[in-house]
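Colleague: I would like to go through the side-chain contacts and the strand arrangement of this model. Please give the cut-offs as we go.

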Amino acid sequence: MIHHDLRTRLLSDTDITDLVGTRIVPLNDLQSSPYPKIVYRLVTEQPDYSAEGNTGPTESTIEFTSQAESYDTAKLIDVLIAELLDAFSGMIGSTHIQGIFTENVSDDSYSVGEGSDSYIYAVSRQFQVTYE
């Protein structure tokens with residue numbers, strides 16, 4: 001699955017793992033600690049079909065959300081992800097990537113608890129990924 005291949009690519013980058021270790025996790029880990037970490041999810045996936053079945057590349061949107069206790073750290077992790085993945089083409093594992101391109105980026109923050117003055121900062125980046 002493409003999102004697992006991309007996770008493996010992120011884990012192979014020491015600049016990223018120096019910050020998050022192996023905390024590159026799927027889906028429902030949005031507000032549990034420890035931080036910093038990267039949460040990823042498959043947003044959409046659209047295979048190319050004809051009457052004969054899958055006939056070509058698949059287009060997916062995959063989101064990576066960098067989370068940290070400071071905005072600067074969340075932003076730095078996001079920049080490292082973009083440097084590693086944006087405009088990439090080639091092989092990742094056994095998947096042929098035709099292209100990965102940023103679709104959009106957004107920033108957010110949320111309180112760590114009711115009445116708390118502490119926040120977790122998040123930078124989300126969605127990539128359009130075309131692969132076979």
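Colleague: Which side chain does Q128 join in a polar contact, and at what distance?

Modeller: This is a predicted model, in which local features need pLDDT of at least 70, side-chain atom pairs count only at pLDDT 80 or more, and totals for chains, interfaces and linings use all residues. Residues are numbered from 1 along each chain as its sequence is written, and side-chain values use heavy atoms, with hydrogens and water left out. A polar contact is a pair of N or O atoms within 3.5 Å; within protein, one must be able to donate a hydrogen and the other to accept it, and residues adjacent in sequence count only if both atoms are side-chain atoms. By that rule the side chain of Q128 is joined to that of T61, at 3.3 Å.

Colleague: Where is Q128, and is it buried or exposed?

Modeller: Q128 has its place in strand β8, where helices (H or I, at least four residues) and strands (E, at least two) are DSSP runs numbered from the N terminus. Buried means under 20% relative accessible area, exposed over 50%, and partly exposed in between, with a 1.4 Å probe and protein chains only. Contact means heavy atoms within 4.5 Å, and Q128 touches E59, S60, T61, G99, I100, F101 and E103, not counting residues up to four places away in sequence. With a relative accessible area of 19%, Q128 is buried.

Colleague: What is the strand order of the open sheet?

Modeller: Two strands pair if DSSP finds at least two bridges between them. β7 and β8 pair in the antiparallel sense over 13 bridges, and D108 stands opposite A122 in β8. The open sheet has six strands with mixed pairing, in the order β1-β2-β5-β8-β7-β6.

Colleague: Which strands stand at the edges of that sheet?

Modeller: The order of the six strands is β1-β2-β5-β8-β7-β6. An edge strand here has a single partner, so one side of each is left without a neighbour in the sheet. The two are β1 (24-26) and β6 (90-92).

Colleague: At about what angle does α3 run to β8?

Modeller: Axes are lines fitted to C-alpha atoms, for helices over the stretch in contact, and angles run from 0 to 180 degrees between N-to-C directions. α3 lies across β2, β5, β7 and β8. Its angle to β8 is about 10°.

Colleague: Which residues of α3 are buried?

Modeller: The cover over the buried residues of α3 includes α1 (2-11), α2 (14-20), β2, β5, β7 and β8. The buried residues themselves are A74, I77, D78, L80, I81, A82, L84 and L85.

Colleague: Which residue forms a salt bridge with R125?

Modeller: A salt bridge is a side-chain nitrogen of Lys or Arg within 4 Å of a carboxyl oxygen of Asp or Glu. For R125 the closest N and O atoms are 2.7 Å apart. The pair links distant parts of the chain, with R125 in strand β8 (residues 119-131) and its partner in helix α3, 47 residues apart. Both residues are buried, and the partner is D78.

Colleague: How far apart are the N and O atoms in the salt bridge of D107 and K75?

Modeller: D107 lies in strand β7 (residues 95-111) and K75 in helix α3 (residues 71-85), so the pair ties together parts that are 32 residues apart in sequence. D107 is partly exposed at 41%, and K75 is partly exposed at 27%. The distance from N to O is 3.6 Å.
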